[in-house]
Amino acid sequence: MVSHKYIDIALTLQVLLLHKNITESPAKKKRHGFTRKCASLVQEQRARIYVLRRCATMLLCWYIQGDD
């Protein structure tokens, strides 16, 4: 059986989350979501560039070592 203490904590968290969602304006949510999406895309592109740079460096090193 779940104690009343845990039920009270869960209900309090739900109320706080609902209150936070209600008090934020939709425009602020959109802006925040747009910012997060842009940050996520930038991070993804940086990771891709990093991988490409590492691959290019590896291929160049293999090419240089092959000439010796």
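Let's start with a contact. Arg48 pairs with Glu44 in a salt bridge, and their closest N and O atoms sit 2.9 Å apart. Keep in mind that this is a predicted model.

Where are the two partners? Both Arg48 and Glu44 belong to helix α2. They are 4 residues apart, about one turn of the helix. Why would such a pair form at all? In general, side chains of opposite charge can pair when their charged atoms come close.

Now the exposure of each partner. Arg48 has a relative accessible area of 49%, so it counts as partly exposed. The cut-off for exposed is over 50%. Glu44 comes out at 35%, so it is partly exposed too. How many salt bridges does the structure hold? The count is 1.

Next, the overall fold. The protein has 2 helices and 0 strands. Helix α2 covers residues 26–67. Which share of the 68 residues counts as buried? The figure is 0%. Buried here would need under 20% relative accessible area. The protein exposes about 7000 Å². Carbon and sulfur atoms supply 66% of that area.

Met58, Leu59 and Trp62 make a nonpolar patch of about 350 Å². One of these residues, Met58, lies in helix α2. Its relative accessibility is 38%, so Met58 is classed as partly exposed.

Then the cysteines. Cys55 is partly exposed, because its relative accessible area is 34%. For Cys61 the value is 40%, so Cys61 is partly exposed as well. How many disulfides does the structure hold? The answer is 0. To count, a pair of cysteine sulfur atoms would have to lie within 2.5 Å.

One nonpolar patch to look at, from Met58, Leu59 and Trp62. And 0% of the residues counted as buried in this model.

Conventions:
Residues numbered from 1 in each chain as written. Predicted model: local features only at pLDDT ≥ 70, side-chain atom pairs only at ≥ 80, totals over all residues. Heavy atoms only, no water. Buried < 20%, exposed > 50% of the residue type's maximum accessible area, 1.4 Å probe, protein only. Patch = residues over 30% accessible without salt bridge, like charges linked within 9 Å, V, L, I, M, F, W, Y side chains within 5 Å. Areas by Shrake-Rupley, 256 points an atom, 1.4 Å probe, with all protein chains shown as cover. Salt bridge = Lys/Arg side-chain N within 4 Å of Asp/Glu carboxyl O.
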